[in-house]
Amino acid sequence: MWVYVGRRLLLAIPTLLGASVIVFAMVHLAPGDPIAAVMPAESSAAEIEATKRAYGFDRPLPVQYLVWLQRVAQGDLGRSIATRRPVILDVRDALANSLVLALSSSLLAFVVGIALGLLSAFRQGRLLDKLCAALAVIGVSVPHYWAGIILIIVFSVQLNWLPAMGAADDPGLLPFLRHIALPTVALALIPLGVITRVVRSAALDILNQEFVTALRAKGLAARRVFVHVLKNSAPQILTVLGLQFGFQLGGSVLVESVFSWPGTGYLLNLAIFQRDIPVLQGVILVLATFFVLLNLAVDLLQTLIDPRIARH
Amino acid sequence: MAPLAGVEAATDAVAAVPAAPMSYWRTVGWRLGRDRTTLAAGGGLLVIVLAALLAPWLAPYDPSAGSIRLRLAWPGTPGHWLGTDEQGRDMLSRLLWGGRMTLVAGLTPVLVAFVVGSALGIAAGFVGRTTSTLIMRTMDIFYAFPSVLLAIAISGALGPGLANTLISLSIVFIPRVVRVAESATVQVKGLEYIAAARVSGAGMGAIVRHHLLANVLGPILVFASTQVSLSIILAAGLSFLGLGVTPPAAEWGLMLNTLRQSIYVNALVPALPGLAIFATSMAFNLLSDGLRDAMEVRG
Amino acid sequence: MTAPLLRARGLTKHFPLRGGLLGRTRAWVHAVDGVSFDVNAGETLGIVGESGCGKSTLARLLLRLVDPDAGTVTFEGEDVLRASPSRMKRLRRDLQLVFQDPYASLNPRLPIEDAVAFSLLVHGTPRGEARERARALLGHVGLDPRMHGRRYAHELSGGQRQRVNIARALVLDPRLLVLDEPVSALDKSVQAQVLNLLQDLKAERALTYVLISHDLNVIEYVSDRVLVMYLGEVVETGSAEALAESPRHPYTQALFASAPSMDPDRRMDRPPIAGDPPNPIDPPSGCRFRTRCPFAMPRCAEAPPPFVSVDPGHEVACYLYELTPAARG
């Protein structure tokens, strides 16, 4: 099994490197002079020269990449064109905020999703199942940014219960919860739908296996069957949980911009609007790294639960 | 040729001739026809697609023409059934024309991904170890990004515009199709009828054409159909962020963005474009669910 | 004496087992090791052995579905393994294979007459003619094309599917047919039908068969000569009667003795072979059967025993039968 762990770790490295190549290439994909992509328009000639040498724009492309990679490894993600601040600082703060939102939304999606999925599977064919399935399809089909807007319309504009914007100004748990409530729900909808469907399908597969039917016929307590189903569907469920958490980190872009939540998504939105490529690169690289490590963790966790997977 | 003397005709098990045996695809069609939910979803989708296609004839107004006097009129206003947007443009017309954009931006990347992804995936599964490793490891790199981020990364670099959106979304979906295609191909490749075809002297091309494709395209198609709704949401999402279609073009995601500020004035009109996205996305999901159920090989 | 139709010499195939951190090869599966035999025109050569002895790999080697690590296969004097692609295509008409699993060997999306006709299409027969010939052949093997021609594999029973496989193998008019466990997946009653069909076809078309099976009854029923395989190697060859009457190799003896019998006089108290079949990944040194052989001697571990002729046409690879230096002289 440790061989599998080692192999997975090794595999993650070229994936990360490949991702970094793509991020690096963004600057050169952009139309126009790459230097314009990293420097504000009104920079002096001296500043441009200095940046050119620092980034190595006059050197061949592979060398540029290595120079950039080295800087990234040391934590230097460049400077924002708009604010002139180091990207790494803004990204760090934003990442913290996004993680909070992603975690809270994941909690909601996972708990409700798994509950609905299991409920659906154990009551297959009955009204409850059809209801849950319908809810799941709705969840998967709804554009979360639109859902956010609707939530704002209903809860902020019409009912005035919950705030529409941003992180809380006042400290304290209640203001925090009030501010995070709507974005959490909006972000959780799609993962909720996906998780419900996957959990239902995985649980059904196991429930319909012949030996489970045999066990139930012998009168095995419902609770034991339940535990058995849970244990055996755990790997599949874990995979989808990991994927959806990643989706929420990325998908938060849209929800955060609706709610002006000061996370990485908001930063990305701003960077897109201002064509601030260093910030774009920094945020995407950090998020991608996070995602790869997350997938790695999920894979390894799965192996712990079900060693058969490791026999690749 | 008459049966050999002494050879008993194989009449065991299977009963006397029933109605003409149904080919696989006809069975699929038959199953689909009996599934009411799928039929309803298909019908709804047909309405949406037709409305979008016939927009030039159905739309009562020019989608870009608006008068500030009439801005943010509520649905039900005479002359403007679905109200007007923040620039006074008729919502119904913009929704109809916007549908064309959204549908194109949603369907095209999946179609491209289906063709390119299938080709790459089948090659990876069928040709050999080096090709397979090359293709699959390259796809893994794209998998390092959540789909939304990848779309933003590429669109962010390329810039706004419909063409760039199509390119970036295609790149998002191709790796997924490749994975499914490779997996299906590897599974079929190991089956003995492929070996039998080789023993008959068939070359790689003939085997792929006659034996592999028919058995592999089914699962790939089902998977592709599940991605359409995501593609629509992403395409509209990109426009929402300012990366997709640019104003003054009508596109549902873009409309959602520009109408966002107006929710304090008129709560209903801003909800409409999102409703359209939602309805279309849901119809595709139900349809693909039905397709998957109908295509399940039984027996 | 005419030259043999098919000649295999020194066929060897080892499969790598990959594992470890970088996917390096950790061990080799010795599927087939130095197998040599002749097949004469018009005869049926039965190859018998337990699962894991390499029979299926051998079948694939003979038909060049898999490339061997060493060895040659000659058909009518022509080297099969070095044939050019165009020459190979021509050779494919002469050498055909009937597969073991009747279900997996048919494309579920093709009606059976198209499945049979495909081979003809590959070799350039026009579509209409190919279909006609396919339908005729299906009728010949006992499946009325009017009833079954447009059916799909999943609508047929196991025995019927195997008939389709046979038709498909025969549609190109081959000279030699390799049959890999052709009846193992069928019920006993159906087995007899299919075996009889094979016998009739062989007589009618002057075919040569190489029939592989783990079932001794099947082998005895159809074979003229028999080849016994153990763990990738040939241990004994001879005519079917000779082997049935006086099996020489301890493994062959055990095989024949362990065939279950309804005759109370022939029932056994103890199983004739002890232990499990060893792992082809790390075969025993010297004679591979020595770990289960009741007659094992110290020298069996030193080197693999050479073939010794105990009777004309009957050869054994076992130190028990080693001729004394004087007799060998």
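Which residues is Ala288(A) in contact with, leaving aside its neighbours within four places in sequence?

Solution. This is a predicted model, in which local features need pLDDT of at least 70, side-chain atom pairs count only at pLDDT 80 or more, and totals for chains, interfaces and linings use all residues. Residues are numbered from 1 along each chain as its sequence is written, while chains are lettered from A and ligands numbered from 1 in the order in which they are written. Two residues are in contact if their C-beta atoms, placed from the backbone, lie within 7 Å. Once the neighbours within four places in sequence are set aside, Ala288(A) touches Ala19(A) in its own chain and Ala144(B), Phe145(B) and Leu149(B) in chain B.

Solution. A residue is buried if 20 or more other C-beta atoms lie within 10 Å of its own, exposed if 12 or fewer, and partly exposed in between, with C-beta atoms placed from the backbone. Helices (H or I, at least four residues) and strands (E, at least two) are DSSP runs, numbered from the N terminus.

**The two contacts of chain B**

Describe the sides of chain B that touch chain A and chain C by elements and by class.

Solution. Begin with chain A: the contact takes 37 residues from chain B and 43 residues from chain A. On the chain B side, two or more residues come from each of helix H5 (129-142), helix H6 (147-158), H9 and helix H11 (271-295). By class, this side has 25 nonpolar, nine polar and three charged residues; Ala, Val, Leu, Ile, Met, Phe, Trp, Tyr, Cys and Pro count as nonpolar, Asp, Glu, Lys and Arg as charged, and the others, Gly among them, as polar.

Next, the contact with chain C takes 31 residues from chain B and 41 residues from chain C. Here H8 and H9 of chain B are the elements that give two or more residues, and H8(B) supplies the largest share, seven residues. The classes are 20 nonpolar, seven polar and four charged.

**Helix H8 of chain B**

Why is helix H8 (residues 192-199) of chain B largely enclosed by the rest of the structure, and what covers its buried residues?

Solution. Seven of the eight residues of this helix are buried, so the rest of the structure largely encloses it. The buried residues are Tyr193(B), Ile194(B), Ala195(B), Ala196(B), Ala197(B), Arg198(B) and Val199(B). Their cover includes helix H7 (162-189) and H9 of chain B, together with helix H2 (85-94), strand S6 (95-98), helix H3 (112-122) and helix H6 (158-170) of chain C. Just after H8(B), Gly201(B) adopts a positive phi of about 100°.

**The sheet of chain C**

Give the strand order of the eight-stranded open sheet in chain C, then examine strand S8 (208-213) within it.

Solution. The order is S6-S7-S8-S3-S9-S10-S12-S11, with mixed pairing; two strands pair if DSSP finds at least two bridges between them. S6 and strand S11 (307-311) of chain C are the edge strands, each pairing on one side only.

Six of the six residues of S8(C) are buried, so this strand is largely enclosed. Thr208(C), Val210(C) and Ile212(C) lie on one side, and Tyr209(C), Leu211(C) and Ser213(C) on the other. Strand S3 (residues 44-48) of chain C runs parallel to S8(C) and is joined to it by five bridges, with Leu45(C) opposite Val210(C). S7(C) and S8(C) also pair in the parallel sense, over five bridges, and Leu179(C) has Leu211(C) as its bridge partner.

Is Ala206(C) exposed or buried, and where does it lie?

Solution. Ala206(C) lies in the loop between helix H7 (188-205) and S8 of chain C, and its phi is near 50°, a positive value in a residue other than glycine. It counts as exposed because it has 9 C-beta neighbours inside 10 Å.
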